[in-house]
Amino acid sequence: MTAALRLALLLVIVLGGHAVPARADTTCTATAPTTLAFGTITNGAASPTNAMTSFTITCSTAALSILGSASVRACLKIGTGSTGTSVLPTRSMTNATADPMAFQLYTNAGRTTVWGTVPGGSPPAAIVTLSYAVPLITGGSGAQSVTLYGQVPAAQVLSAGSFASNFTAANVSLEYAYNESIIGTAQPPALCTTASGVSGHKTADSAFPFTVSANVLPQCSAYVTTDMDFGSNAGAITANLDRTSTIGLTCINRTAYSIGLGNGQNAQGTTRRMRFTAPDNSVYYIPYELYRDPARSQRWGTTVNTDTQAGTGNGAAQTLTVYGRAPPTTGAVPAQGSYSDVITVTITY
């Protein structure tokens with residue numbers, strides 16, 4: 001009887017020298033990252049714009065034994081996003097009118113390794129390895145912070161608007177394999193895709209959903225105006241003097257703008273007037289008006305959405321015509337000389 005007991009104890013001691021596989025239940029989850037927000041991007045920016053966010057992957061295993069442990073090899077996969085069609089060479093986010101903005105996601109701070117979907121391939125998924133004790137009563141868990149690095153390349157020709165791409169469902173997949181041991185240290189599986197020879201293997205889509213966002217502000221520049229010359233007139237103005245001038249500007253695509261023209265320096269109420277100061281300091285005026293249409297029926301003023309000229313930028317230079325008219329005067333022109341006025345052009349976008 002005593003010999004039998006000794007033999008049983010000896011067998012237990014021998015077994016205790018090896019990691020014994022177990023079948024408990026290991027589950028890995030990830031917190032959702034905050035929005036990867038690039039902020040405001042300048043059209044044609046000279047340098048790239050970087051952003052980053054982080055989240056946590058946690059693996060938990062049900063109770064095993066006093067000396068139990070678990071080890072997990074996890075792959076975090078990120079796809080194209082809701083507005084893209086490819087991962088390489090860049091991903092793409094879009095605004096409300098489907099205009100694109102290139103960006104890329106990386107696994108390293110140097111932004112040299114693109115974060116993809118292929119475990120051990122190209123572009124690779126991010127790999128996380130967790131090992132932790134799994135006590136008998138409480139079970140165990142391990143956690144690791146993961147950083148997502150983003151970049152918007154420089155020198156892009158962009159449109160105005162709010163840009164975004166959503167990463168959900170299969171675009172943010174978590175695949176992991178794990179080993180559990182009731183005695184000793186469990187070894188991590190060689191690959192996250194391993195389904196045989198391990199304690200378990202699982203996958204989960206929509207594991208860490210997030211959104212990438214950026215904003216491009218409306219922008220106009222390269223303003224050019226030409227003078228309006230009503231020419232020379234001998235004596236009274238007996239018929240309408242019609243002339244034109246131009247306003248040129250360049251606005252990035254989708255920039256909605258409105259151009260207003262002030263009443264000038266010599267207006268009487270809402271009547272624009274050109275002024276002449278005689279040598280004896282006497283002051284004389286000739287009325288005129290500015291219009292938005294060739295028929296000269298739509299006065300050009302400064303009230304947005306009422307009497308200003310609206311337009312939308314396309315990224316190229318645009319030219320708008322100002323239609324002027326000096327109407328007939330009553331009697332002779334007050335005095336001979338050069339009459340002029342200065343108009344303030346206001347561009348709102």
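**Chatting through the salt bridges and overall build**

Me: Which side chains does R254 pair up with in a salt bridge?
Reply: The side chain of R254 meets that of D99 in a salt bridge, at 2.7 Å from N to O. A salt bridge here is a side-chain nitrogen of Lys or Arg within 4 Å of a carboxyl oxygen of Asp or Glu.

Me: And where do R254 and D99 sit in the chain?
Reply: R254 is in the loop between strand 15 (241-251) and strand 16 (256-261), while D99 is in the loop between strand 6 (91-94) and strand 7 (100-106). They are 155 residues apart, and the pair links distant parts of the chain. Strands are DSSP runs of E with at least two residues, helices are runs of H or I with at least four, and both are numbered from the N terminus.

Me: Before I go on, what kind of model is this?
Reply: This is a predicted model, where local features need pLDDT of at least 70 and side-chain atom pairs count only at pLDDT 80 or more, while totals for chains, interfaces and linings use all residues. Residues are numbered from 1 along each chain as its sequence is written, and side-chain values use heavy atoms, with hydrogens and water left out.

Me: Thanks! Is D99 buried or exposed?
Reply: D99 is buried, with a relative accessible area of 9%. R254 is partly exposed at 39%. For the cut-offs, buried means under 20% relative accessible area, exposed over 50%, and partly exposed in between (1.4 Å probe, protein chains only).

Me: How many salt bridges are there in the structure?
Reply: The structure holds seven. One of the other pairs is R272 with E289, whose side chains meet at 2.3 Å, N to O. R272 lies in strand 17 (residues 272-277) and E289 in strand 18 (residues 283-291), so this pair ties together parts 17 residues apart in sequence.

Me: What else does E289 meet in a salt bridge?
Reply: The side chain of E289 also meets that of R299, at 3.1 Å from N to O. R299 is in the loop between strand 18 and strand 19 (309-312) and E289 is in strand 18, so the pair ties together parts that are ten residues apart in sequence. E289 is buried at 11% relative accessible area, R272 is buried as well, and R299 counts as partly exposed at 23%.

Me: Which residues form a network of salt bridges?
Reply: D242, R296 and R325 are linked in one.

Me: Changing topic: what does N314 touch?
Reply: Leaving out residues up to four places away in sequence, N314 touches C251, I252 and N253. Contact means heavy atoms within 4.5 Å. N314 is in the loop between strand 19 and strand 20 (317-326) and is partly exposed, with a relative accessible area of 44%.

Me: Zooming out, what are the spans of the C-alpha trace?
Reply: Along its principal axes the trace of the protein chain spans about 140 × 30 × 30 Å. The radius of gyration is 37 Å, whereas a compact globule of 349 residues would have one near 20 Å. That radius is taken over C-alpha atoms, and the globule rule is 2.2 Å times the number of residues to the power 0.38.

Me: What about helices and strands, how many are there?
Reply: The protein chain has one helix and 21 strands.

Me: Last one: what share of the residues is buried?
Reply: Buried residues make up 41% of the 349 in the protein chain.
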